[in-house]
Amino acid sequence: ADIAEIEHVHAGQSVRLIGEVRTYEDVPRERLISAGVEVPEGMETVRRYQLKTGNRDVTGQDFMWIIGHEIAAQRYPADMLAIERREWGNFYGYLREVREAGSAVASGAAAWPVLHERLNRANDVFEQIRAIERGAIGSINYSLEQLRLQTRRLELEKRATPESLAKIEERRSELQAEYTQLQTKLNALYADIRRDSIAVEVQDGRVVELPLAKVAHVLRPNAMGVVDKLQVYFANVWEFLSGEPREANTEGGIFPAIFGTVLMVIIMSIIVTPFGVIAALYMREYAKQGPVTRIIRIAVNNLAGVPAIVYGVFGLGFFVYF
């Protein structure tokens, strides 16, 4: 969405607001007056707009409502930034500097191309960090846990000889050495990714420094045409389908959910289909009437008549909570 810069006049005070105009509504005059809002004479309904201001770590809020007749001016500067962060949501403002280790390396009009160059580099380093943490280090942690379980198994089975324990300890030392090497590389990557930052001017005139390690994307929506916005839209759709969630599942993608659902359906189909078909044939053609058969038929009818989510909630409550 385009990012608006609004001159907002309230109670004689003029302030600058920055954000996306998300929606609007017409409110009866009496409702606003009862809330302490001054409404000019002759206006039976007042239009108010919802503004997504972002920057909630700076302002303490993500959305606000503004009265239409309190908007003195509204414009859409081409150099307004919309920054998608890995945490704390969107950030809006004007790019003032690109910094390296706290010192400015580009400012003004020259900062925009330098920002993209540094951001691409920071995202590459971020992917390397994630690959090491979730791939190599995760594999080492899994192997160490298997060694711990193997040691415990030998102890329980009274087979913990010095030779077997020595082999396990030797393997553990090798894994610890690999872990130390990866941790050293990880520390270097973290120091590298924290190097670059940007200085952004927010709506109240303050200049806030944002580390590029926390930034996923930076756009100038007001300077983008329809084709550019469509490209961003389809890129976001792909990221939504193929990415991992972040910000407590409010940002990022849904690939783990898709993968888990598909995998569960495949596994359950492989396991359930043969047993289900065999059970149906047995119940229909071979089973004799009796208490067990009647119980099974009642269970089948209940399964067919009760929504699956009810069984899911029951299982969660009984097997997990209780």
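Visitor: How many residues lie between strand 9 and strand 10 in their hairpin?
Guide: In this predicted model, strand 9 and strand 10 pair in the antiparallel sense over five bridges. One of these links joins Ile198 to its partner Leu210 in strand 10. Gly205, in the turn of the hairpin, has a positive phi of about 95°. The number of residues between the two strands is five.

Visitor: Which residue of strand 9 is the bridge partner of Val98?
Guide: Strand 7 and strand 9 run antiparallel and are joined by six bridges. For Val98, the bridge partner in strand 9 is Ile198.

Visitor: Which element gives the most to the lining of the largest pocket?
Guide: The largest pocket holds about 930 Å³ of space. Its lining has 32 residues, and those nearest the centre are Glu84, His217, Leu219, Val232 and Asn236. Elements that give two or more residues include strand 2, strand 7 and helix 3. The most, eight residues, comes from helix 5.

Visitor: How many charged residues does the lining of the second largest pocket have?
Guide: This pocket holds about 420 Å³ of space and is lined by 18 residues, with Arg86, Phe126, Glu127, Arg130 and Arg246 nearest its centre. Helix 3 provides the largest share of the lining, five residues. By class, five lining residues are nonpolar and six are polar, while the number of charged residues is seven.

Visitor: Is Arg246 buried or exposed?
Guide: Arg246 is found in strand 12. Its relative accessibility is 17%, and the cut-off for the buried class is under 20%. Arg246 therefore counts as buried.

Visitor: With the side chain of which residue does the side chain of Arg246 make a polar contact?
Guide: Leaving aside neighbours within four places in sequence, Arg246 is in contact with several residues, including Arg85, Ala216, Glu239 and Gly252. The polar contact made by the side chain of Arg246, at 2.4 Å, is with the side chain of Glu84.

Definitions and conventions
Residues numbered from 1 in each chain as written. Predicted model: local features only at pLDDT ≥ 70, side-chain atom pairs only at ≥ 80, totals over all residues. Heavy atoms only, no water. 1 Å grid on protein atoms, 1.4 Å probe; cavity = no way out; pocket = protein on both sides within 12 Å on 5 of 7 lines; lining within 4 Å. Points joined across faces, edges and corners; volume = space filled by probe spheres on them. Helix = DSSP H or I, 4+ residues; strand = E, 2+ residues; numbered from the N terminus. Nonpolar A, V, L, I, M, F, W, Y, C, P; charged D, E, K, R; others polar. Buried < 20%, exposed > 50% of the residue type's maximum accessible area, 1.4 Å probe, protein only. Polar contact = N/O pair within 3.5 Å; in protein donor to acceptor, adjacent residues only side chain to side chain. Contact = heavy atoms within 4.5 Å. Pairing = 2+ DSSP bridges.
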